[in-house]
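This report describes one protein chain from its atoms.

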Amino acid sequence: MIIPCNRHVLIQPIESEHEEDSNILLPEDYAPEESAYAKAEVLDWANDCKIQLEEGCTAIVTRHMIEEVDICGNVYHLVLENHIIAMMPQDSA
C-alpha cells in the first residue's frame, strides 16, 4: 500500500454496470461514450487534504484526472482533492 502525499487521494474506481441484454443490435466495435465523471471508493488521503473524507466513502471524480501509478506490479489510482467534485452518502452509493 502507498501513502498519498501533497493533497492526493488514493481511490479505487467503481466500474459502472452497463446493461448487456438489449433488443437493439449495435456494431461489434461500438463502445458507449464514457461520462466525464466516475464514481470511486476513497481508500486513503494525504494529511494536507482540506476536504472531509472517510475511508470507504464514494466520491465523484473527474475521470480524465485519475492518475494510474504502477509500482512494483501494483496499480494504484490517485486523484488530487480538487478533482473530487462531490461525495455520495453511504446509502445511495
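The text below goes from the overall fold to single residues.

The model is predicted, so local features need pLDDT of at least 70 and side-chain atom pairs count only at pLDDT 80 or more, while totals for chains, interfaces and linings use all residues. Residues are numbered from 1 along each chain as its sequence is written, and side-chain values use heavy atoms, with hydrogens and water left out.

**Fold and strand pairing**

The chain has zero helices and six strands, in the order β-β-β-β-β-β along the sequence. Here helices (H or I, at least four residues) and strands (E, at least two) are DSSP runs, numbered from the N terminus.

Strand β3 covers residues 58-62. Two strands count as paired if DSSP finds at least two bridges between them. β3 runs antiparallel to β2, with five bridges joining the two. It also pairs in the antiparallel sense with β6 (residues 84-88), over four bridges. V61 of β3 has A38 opposite, and V61 also stands opposite I84 in β6.

**Burial and core**

Of the 93 residues in the chain, 27% are buried; buried means under 20% relative accessible area, exposed over 50%, and partly exposed in between (1.4 Å probe, protein chains only). Strand β3 is mostly covered, with five of its five residues buried. In a regular strand the side chains alternate between the two faces of the sheet. In β3, T58, I60 and T62 point one way, while A59 and V61 point the other way.

The largest nonpolar core has 13 residues, and V9, I11, V42, V61, V79 and I84 have the most contacts inside it. β1, β2 and β3 each supply at least two residues of this core, and β2 gives the most, with three residues. Such a core is a set of buried Ala, Val, Leu, Ile, Met, Phe, Trp, Tyr and Cys residues joined through side-chain atoms within 4.5 Å.

**Salt bridges**

How many salt bridges does the structure hold? There are two, where a salt bridge is a side-chain nitrogen of Lys or Arg within 4 Å of a carboxyl oxygen of Asp or Glu.

| Pair | N to O distance |
|---|---|
| R7 and E81 | 3.0 Å |
| R63 and E34 | 3.8 Å |

R7 lies in the segment before β1 and E81 in the loop between β5 (74-80) and β6, so that pair links distant parts of the chain, 74 residues apart. R7 counts as partly exposed, at 30% relative accessibility, whereas E81 counts as buried, at 6%.

In the pair of R63 and E34, R63 lies in the loop between β3 and β4 (67-71) and E34 in the loop between β1 and β2, so parts 29 residues apart in sequence are tied together. R63 is partly exposed because its relative accessibility is 29%, and E34 is exposed because its value is 58%.

**Cysteines**

Zero disulfides are found in the whole structure, a disulfide being a pair of cysteine sulfur atoms within 2.5 Å. C49 has a relative accessible area of 14% and is therefore buried. C72, at 78%, is exposed.

**Surface patch**

I24, L26 and Y30 form a nonpolar surface patch with about 340 Å² of accessible area together. Patches are made of residues with over 30% relative accessible area and no salt bridge: like charges are joined within 9 Å, nonpolar side chains (Val, Leu, Ile, Met, Phe, Trp, Tyr) within 5 Å. Accessible areas come from the Shrake-Rupley method with a 1.4 Å probe, and for residues only the protein chains shown count as cover. L26 is in the loop between β1 (8-13) and β2 (37-45).
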